[in-house]
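The following paragraphs go through a structure step by step, from a helix pair to a chain contact and then to the nonpolar cores.

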Amino acid sequence: MPSDRRVIDILREDLNLTGTKEGCGAGECGGCTILVDGESRLSCLMLAAQLEGRSVTTIEGIASEDRLHPLQEAFVEHGAVQCGFCIPGMVLSAVDLLQRNPNPTRMEIRQGLSGNLCRCTGYQKIVDAVKAGALKIK
Amino acid sequence: MLVKSDIFKIGSAIPRADALSKVTGQEKYAADYYSPNFVWAAVKRAGVPHARLKSIAVEAARKLPGVLSVLTHKDLPGSNRQGIIFKDQPVLVDAKIRHCGDAIVLVLAEDKPTLNKALHLINFDYEPLPAIFDPEKALEERAPLVHENNPDGNLLQHISVKVGDVKEAFLECTTIIEGSFEVPFQEHAYLETEAGWAYLAEDGRLVIVASTQTPFRDRFEIASALGLNIDKIRVIAPYLGGAFGGKDGLTVQSLLALAALNSQGRPVKMWWDREESFLAGVKRLPARMYYRLGAKADGTLHALDCRLYFDTGPYAHLSSEIMALAMEHAGGPYRIPHTSIKGWCAYTNNPPGGPFRGFGVPQVTAAMEQMIDMLAAKLKMDPLEIRRQNAVRQGDRNCVGVTLVNSTGALDCLETLAAHPLWQERKKWKESAGPFKLRGVGLTCMAHGSGYGPVIPDEANAKIELTDEGKLRIFCGVSDMGQGNASTCLQIAGDILGQDADSMELILPDTDRSLPSGSASASRCTYTYGNALIRAAQAFKQRLFERASTLLMIPTSDDLSLIPGGIRHLPSGKEVPLSQLAQLMDPSERTCTHYYRAPVAQEKLELHSSSKVFGLPHILFSYAAHLTYLEVDELTGEIEIKTYLSVSDCGRVINPQIYEQQIQGGIAQGLGYALSEDFIVEEGKGLTPDLSTYIIPTTLDVPEMVSIPVEIDEPTGPFGLKGIGEISINGPLPAVANALADACGIRVSRSPFTPERVLSAMKEKAPHEVKP
């Protein structure tokens, strides 16, 4: 494939993994967030060549065979999902945040997720969910 | 394992049914369709606000390898005109360009790079025309005409409503306040931009999967625009990635239909990128509002005169209806015996106006709620007190003279707010501001009328099926754009039919399978469809009991109860599985439908208008009172909202979690409208064309919110509820404006209240105060 093919297009079009969403194509909204070697990255700004030798985790990959990721459970339970389009990126950003800061305050959660836009929720239940998810992970 | 709710009881905060598939990335939106042989479609847009189209050069694009088709208006069957009430918008421009986003040429190509190259290779020759960008100026005599054949010039609609004698009444007022307010465009900025997928099925029918609030109405618009037989068109609406009114009507659908007819049998995908969404999508109508409000010495409101100017841009869309709803709310939730409310909606060459959550009510609430505070200040009255004194009760008339016959909880909202610690402790909070910070609190009270009004029927057709496996298939007839109405359908059906998540299935709107049920708009989704669904579920329950009593050989259905997957005879304990019951029922008996039409106002309004008015008056209103805690930085003019309280009367609450979702989301959008969403247009061109220049709230811009329901039963509503989708977006702008005035005595007449505007206003007020 061309080395300058966008990672988001590889995921969605070539690998049929449409869980990763495109909201702006310019790195502004966070909707395309994936984990590369465990760290959050914006797939709309990444090119194929940048994936060489790296592992990629998308939203489809964080649940285990018989169980959702604790953050996914928390998002469902706490009403953090409305239209849902921002959610895959939001969840992966939250995964990254909790890896770096396993016990964040509400303000630290807000700071950690400030690169993920949501137009539906007003963010409050998303913060609730991440707080609850952090407890579940412990 | 994931917590699953087994009992769908009305009133319980059960997690939404769609949350699981969305949180795992499994749910497919209209933007998520691909196939091995699909084709991309996109349009070349005008880029100039007003021009006569002379010729189009497409040959270079057509010759490009990988381009399947390049289509212009010449390739369009049908009328080439779309629109909801007035069909005034070309699918592809034939004669005249009326705004920068007008579509000129449709291109189909194998891949995105080829598509973009082809679009670049297209040129068109045009004669620029003098353009008009101001709604008031557009109504002047020599203004350039946007639609030359419109007998009213640039006027789309003028409505004038009078109650009592406002001229006399002002003479009786001891205090009169005047104010003028200007509110800008607002961009929906849904995360999923306009998207769709279309193909010609084997039977020759056109199938369109679109992110749309209006799958049923879309068929009519597409058929008329492209000269197709409506029966040949199927529209499917999956979950939308947000809409808020911006997908009410055609966005990609007619272009996709045209593309699918020219794609040599291959499926077509159209997905507007963010810049195209900004350029071509409809926006909240900007407005200029001139208010004059008079009161008696004791604070009783006595006279209101307002003139409202709305800018619809190039096309009518639903702007006349937006203005009508605005006018009905122009006086707020107050008793005002004498009013004169006049509105003008004008065509310009600005970006296209259209529905956006609130539908005209945020604009007028921004004005009226500031006027109330200004009046209170002049009368040295408490802002809560003056609202309490004048708030409407059931049986009063609203500002256009219509009697409020249904539940009216304005006063209950104010009283609940008054008792809340946030109101009680506001003075203490204000006094503890830090250095260079000023603190204020702002109050607003609002109403929001739901439904379509008296002309267009606000109706729904609910449908339930018992599958041969014994599952209850619930058809959600109204698009779910994130508001959770699909999940609520399951909750309603589950409650009445005693089923759980495992024994029910949900079908999203599909014009081949669900029945016409109107648009996802006007805060009507759960009210109207819910009322139809309740009746369908109750009728179906009866039928199932009758069949079960036959099967169980018992004389009556009195002692029967529905349980997940079956029916139980309580005295004997005998059970029959629904799957068995299904086998014994004729397929025609296994479907139950029910029609519901929402009641309309019986009173006729005294009004004058330049053309037919739809959507005025309404009969069902939700109410709310909001309070905000604001801190402004004296050095930078930056506003921070510390806390936001909303108290809402939306009838009974079916699901507290969904209730809060709606209220919180609306507040966040309202705060963006108030503080950061500065949509700048110059000479018809958008200067904030993407999310880096048009700033919507992030996690750091929305405070912790408290949302309290005041549950007054609304007897006409399903389980006593009223609409909730829009009301909360009406409060934040005036709440912030009132809080700012409370903090530092300034009002900024033009929103949003950016730091620059706030700082300028502060300097204007106190030019001699030297700040570093």
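**Helix pair, chain contact and cores**

The crossing of H2(A) and H5(A) is right-handed. This holds for a predicted model. In chain A, helix H2 covers residues 70-77 and helix H5 covers residues 124-137; their axes come within 8 Å and cross at roughly 140°. H2(A) is therefore oblique to H5(A), since an angle has to be over 145 degrees to count as roughly antiparallel. On the H2(A) side, the residues in contact are Pro70(A), Leu71(A), Glu73(A), Ala74(A) and Phe75(A). They meet Ala129(A), Val130(A), Ala132(A), Gly133(A), Lys136(A) and Ile137(A) in H5(A). Sorted by class, the contact of H2(A) with H5(A) has eight nonpolar, one polar and two charged residues.

The next step is the contact between the chains. Chain B puts 47 residues into it, and chain A puts in 44 residues. On the side of chain B that touches chain A, helix H1 (19-23), helix H17 (656-675) and strand S29 (704-709) of chain B each supply at least two residues. H17(B) has the largest share of that side, with seven residues. By class, the residues of the side of chain B that touches chain A are 22 nonpolar, 13 polar and twelve charged.

What lies in the interior? In soluble globular proteins, nonpolar side chains tend to be buried together. Here the largest nonpolar core has 281 residues, of which Ala41(B), Val107(B), Ala493(B) and Val736(B) touch the most other members. Helix H15 of chain B, residues 525-551, gives the most to this core, with ten residues. Leaving out residues up to four places away in sequence, Val107(B) touches Ala41(B), Ala42(B), Ala61(B), Val67(B), Val70(B), Leu115(B), Ala118(B) and Leu119(B).

One residue of chain B can be followed in detail. Ile567(B) lies in strand S21 of chain B, which spans residues 566-569. Is Ile567(B) buried or exposed? Ile567(B) counts as buried because 25 C-beta neighbours lie inside 10 Å, and the cut-off for buried is 20 or more. Beyond four places in sequence, Ile567(B) touches Leu544(B), Phe545(B), Ala548(B), Leu560(B), Leu562(B), Glu575(B), Val576(B) and Leu581(B). Leu497(B) is 70 residues away from Ile567(B) along the chain, and the C-alpha atoms of these two residues are separated by 9.9 Å.

How values were computed. Residues are numbered from 1 along each chain as its sequence is written. Chains are lettered from A and ligands numbered from 1 in the order in which they are written. This is a predicted model: local features need pLDDT of at least 70, side-chain atom pairs count only at pLDDT 80 or more; totals for chains, interfaces and linings use all residues. Axes are lines fitted to C-alpha atoms, for helices over the stretch in contact, and angles run from 0 to 180 degrees between N-to-C directions. Helices (H or I, at least four residues) and strands (E, at least two) are DSSP runs, numbered from the N terminus. Angles under 35 degrees count as roughly parallel, over 145 as roughly antiparallel, 65 to 115 as roughly perpendicular and the rest as oblique. A crossing is left-handed if the near helix is turned anticlockwise from the far one by less than a right angle, and right-handed if clockwise. Two residues are in contact if their C-beta atoms, placed from the backbone, lie within 7 Å. Ala, Val, Leu, Ile, Met, Phe, Trp, Tyr, Cys and Pro count as nonpolar, Asp, Glu, Lys and Arg as charged, and the others, Gly among them, as polar. A nonpolar core is a set of buried Ala, Val, Leu, Ile, Met, Phe, Trp, Tyr and Cys residues joined through C-beta atoms within 7 Å. A residue is buried if 20 or more other C-beta atoms lie within 10 Å of its own, exposed if 12 or fewer, and partly exposed in between; C-beta atoms are placed from the backbone.
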